[in-house]
Amino acid sequence: MTVDQNISSRINLMRILLISGIVFVHVPHDQATSPYLGPNGFFDWLRVFLADSLFRVGVPCLSAISGYLLFQRGWDGFDYGKTLRSKAKTVLLPFLLWNLGLLAAVLVMQRVDIGVGYFPDLWGATTREFLSYAFATEDLPIDIPLYFLRDLIVCILLSPILAFLVRRLPAPTLGILFLLAILPGFTLVIVLKKTILFSFTFGVFLALNRVDLKTFDRFAGVGTIAMLAAAVLLSIAQHRTGPDFPWAVDLARNALSMVGIGGFWLLSALLIRSSAGQRLANTGSLSFWIFCAHYPLLVLMWMVWNRVAGDAGYPVFYLGAVVASLVILVASNLFVSRTMPGLYEVLTGSRGRRAKLAAALKSASSAGLARPGEPALTQQQR
């Protein structure tokens with residue numbers, strides 16, 4: 001099975017959109033500026049809508065994409081040993097470099113009493129806590145969003161088992177994993193975020209069963225509206241009951257974070273038709289750069305803002321931090337990729353090199369050197 005140009009472009013578009021949306025999820029705040037307790041009315045509801053409702057689908061959707069791409073060549077085309085070697089470079093190494101780099105920086109800062117209260121107390125942590133901050137062994141890493149890479153590594157290690165189960169027992173496997181993922185208060189030891197295990201397995205199921213991902217594109221408008229409406233209703237319930245959500249609201253949030261995968265996929269069918277959507281789909285490794293680097297940058301901005309203005313004018317900080325971080329990350333991505341390409345490829349898991357290859361293939365295709373419908377990237381190139 002191959003991934004045609006439309007699907008490949010939509011996957012890339014979803015990556016940049018969802019990862020940009022994840023930036024909203026991680027804008028720091030304290031108790032006084034919580035969207036559930038603050039005095040900012042509609043603005044606070046908007047924060048809940050973006051961070052706790054709409055873009056909570058980001059990580060599950062990225063997980064589903066990862067599972068799908070891993071088995072896009074089918075079971076016979078899956079080489080477990082080769083996959084592990086490849087993912088050690090593209091997933092494990094970037095996780096270690098970004099997380100341990102931040103860990104070292106925080107250790108130095110906290111030694112001179114900088115960053116205390118903004119990051120975990122590393123010098124006062126137990127050995128088990130420190131190992132979790134460094135390697136996410138039992139809890140979130142110090143660069144919090146990177147828990148996704150940690151859980152993705154676990155899913156990749158389990159991928160032959162998950163693939164076997166969805167080939168032989170698809171309905172029970174997906175049903176049980178979905179139920180476990182949405183139930184509030186239930187944890188799985190092997191992954192930090194249980195929704196990742198279901199969504200990754202769902203992506204594997206789609207690939208192995210050669211599901212036509214464009215089957216429901218004719219319902220793109222209705223599906224997008226339904227997803228947005230569900231996110232609005234959920235955010236209203238969250239804003240009224242948070243931050244300690246009732247069981248039913250928590251259940252709905254977990255469910256929407258996975259059902260929303262379909263909604264965002266239908267949205268991509270609409271957006272990819274526009275010139276803006278096409279340009280975003282061609283941003284390549286920028287999405288991974290934003291994902292790995294945005295959290296430390298946001299916390300640094302919050303530290304500076306607190307020193308200058310305290311909690312005053314939080315809406316200005318919120319909007320300014322999102323815009324400024326995206327501008328800085330786009331600029332730094334361009335700068336590092338051009339001036340230090342070797343370092344850039346290591347930090348992005350060789351995605352910079354694959355972006356160049358994709359551009360070359362696209363250029364060849366437009367010049368008539370590739371057949372129409374030929375995939376932009378093979379699994380090995382990804």
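A charge is taken to sit over a ring if NZ of Lys or CZ of Arg is within 6 Å of the ring centre and within 35 degrees of the ring normal. The following table gives two cases.

| Charged residue | Ring | Distance from the ring centre |
|---|---|---|
| Arg10 | Trp265 | 4.0 Å |
| Arg111 | Trp123 | 4.4 Å |

The model is predicted, with local features needing pLDDT of at least 70 and side-chain atom pairs counting only at pLDDT 80 or more, while totals for chains, interfaces and linings use all residues. Residues are numbered from 1 along each chain as its sequence is written, and side-chain values use heavy atoms, with hydrogens and water left out.

Rings of Phe, Tyr and Trp (its six-membered ring) pair if their centres lie within 6.5 Å, and planes under 30 degrees apart count as stacked, over 60 as edge-to-face and the rest as tilted. By this rule there are 23 aromatic pairs. One of them is the tilted pair of Phe24 and Tyr318, at 6.3 Å centre to centre and with 45° between the planes. This pair links distant parts of the chain, 294 residues apart, with Phe24 in helix H1 (residues 5–25) and Tyr318 in helix H13 (residues 314–339); helices are DSSP runs (H or I, at least four residues), numbered from the N terminus. Both rings belong to one aromatic cluster, whose members also include Phe43, Phe264 and Trp302.

Phe148, taking contact as heavy atoms within 4.5 Å, touches Val59, Leu62, Ser63, Ser66, Ile196 and Phe291, not counting residues up to four places away in sequence.

Notes:
Helices (H or I, at least four residues) and strands (E, at least two) are DSSP runs, numbered from the N terminus.
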